Amino acid sequence: MTKTKAWISAARLRTLPLSVSGIIVGSACAYPFFSANTLFTSIFLFAILTTLLLQILSNFANDYGDGVKGTDNENRIGPQRAVQSGILSAQQMKKGVIVTSILSLIVALILIYLSFGKDNFFTSLFFFVLGIACVVAAIKYTVGKGAYGYRGLGDLFVFIFFGLVSVLGSFYLYGQIFDFWVILPAVAIGNLSIAVLNINNMRDLDADKVVGKNTLAVKLGREGAKKYHYFIILFALTALVVYGIHAGFSAINYLFVIAYIPLIKHLIFVKQNTIPKELDTQMKIVALSTFLLSVLFSLALVF
């Protein structure tokens, strides 16, 4: 593998559709109220770009953190990582983390300026601090002695940043108002994002336990992690239906439940699974199903 391919692999492109799902849903929830905003499209595009950069940053940091800690070793079930393989050195990956962090903050600043202009100083400051928090959270998942991913807090941070911040934050960008009901789709996207992480952690449960990476799956045990998995996905699917009822969806608007089919099949697969390695295929299924669900749900809101 060349270094260029190693960087592309480290970016983990298959995680990117999932990362933008929250922005798509939050923007769609805002569309009926703020579609007249002349900057709506620009805000949307920069919000997508910011999220993509943060996801890539998280992936680079994860590769670096697990690589230097020795978590990514010969016992790992998933695909080999860039630092683990030796194609990229830890120092090179660290530089990649720094560069991506800077790019994320620059794009976030442009997004903040587009949304709030020069007059809303304190709101802009709050969102800038929030942007810094997103960068720090992306890095600290596996990097450093206090890496929260090693203490079973990864699920909580994914829920906060890829669910609540992504959906509610993007909704607020368009009109500077908060809608209590938007919490439901935020929770849904947050839970489905957690589900992808939980599948990864169930797959790596035995290897993580050996190296002291105490993910929530390790703490719950295999059967406990499965029950937790059923709950977060089913709760997410229910939350979107409830929001649809609140929004006054007609029967045609509920076409987004088509995306429930692969997710229900996924839950059946997880229930029957006894070989952790086979769970590797399920991350892509949940991620792409979530992306499809976010698009179909958003179309129902827009049209």
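So, H10 and H12 first: these two helices run roughly parallel to each other, because their axes cross at roughly 10° and anything under 35 degrees counts as roughly parallel. Keep in mind, folks, that this is a predicted model. H10 covers residues 216-247, and its axis comes within 12 Å of the H12 axis.

What meets what there? On the H10 side you've got Leu-237, Leu-240 and Tyr-243, and they meet Leu-293, Phe-297 and Leu-301 in H12. By class, that contact has six nonpolar residues, no polar ones and no charged ones.

Okay, now the other partner of H12. Helix H11, residues 260-272, packs against H12, residues 280-302, at an angle of about 155°, with the axes 9 Å apart. That makes H11 roughly antiparallel to H12, since the cut-off for that is over 145 degrees. The crossing of H11 and H12 is left-handed, by the way.

Who's in that contact? From H11 it's Tyr-260, Pro-262, Leu-263, His-266 and Phe-269, meeting Gln-282, Ile-285, Val-286, Ser-289 and Leu-293 in H12. Those residues split into seven nonpolar, three polar and no charged.

Last bit, the annotation. The unreviewed UniProt entry lists several stretches as "transmembrane region", among them 153-174, 228-245, 251-270 and 282-302. How much helix is there in residues 228-245? That stretch is 100% helix and 0% strand, with its end C-alpha atoms 26 Å apart. For residues 153-174 the chain is 95% helix and 0% strand, and the end C-alpha atoms are 31 Å apart.

Terms used: Residues are numbered from 1 along each chain as its sequence is written. This is a predicted model: local features need pLDDT of at least 70, side-chain atom pairs count only at pLDDT 80 or more; totals for chains, interfaces and linings use all residues. Side-chain values use heavy atoms; hydrogens and water are left out. Axes are lines fitted to C-alpha atoms, for helices over the stretch in contact, and angles run from 0 to 180 degrees between N-to-C directions. Helices (H or I, at least four residues) and strands (E, at least two) are DSSP runs, numbered from the N terminus. Angles under 35 degrees count as roughly parallel, over 145 as roughly antiparallel, 65 to 115 as roughly perpendicular and the rest as oblique. A crossing is left-handed if the near helix is turned anticlockwise from the far one by less than a right angle, and right-handed if clockwise. Contact means heavy atoms within 4.5 Å. Ala, Val, Leu, Ile, Met, Phe, Trp, Tyr, Cys and Pro count as nonpolar, Asp, Glu, Lys and Arg as charged, and the others, Gly among them, as polar. UniProt positions are given in the numbering used here, feature names are shortened, and annotations may be inferred rather than shown by experiment.
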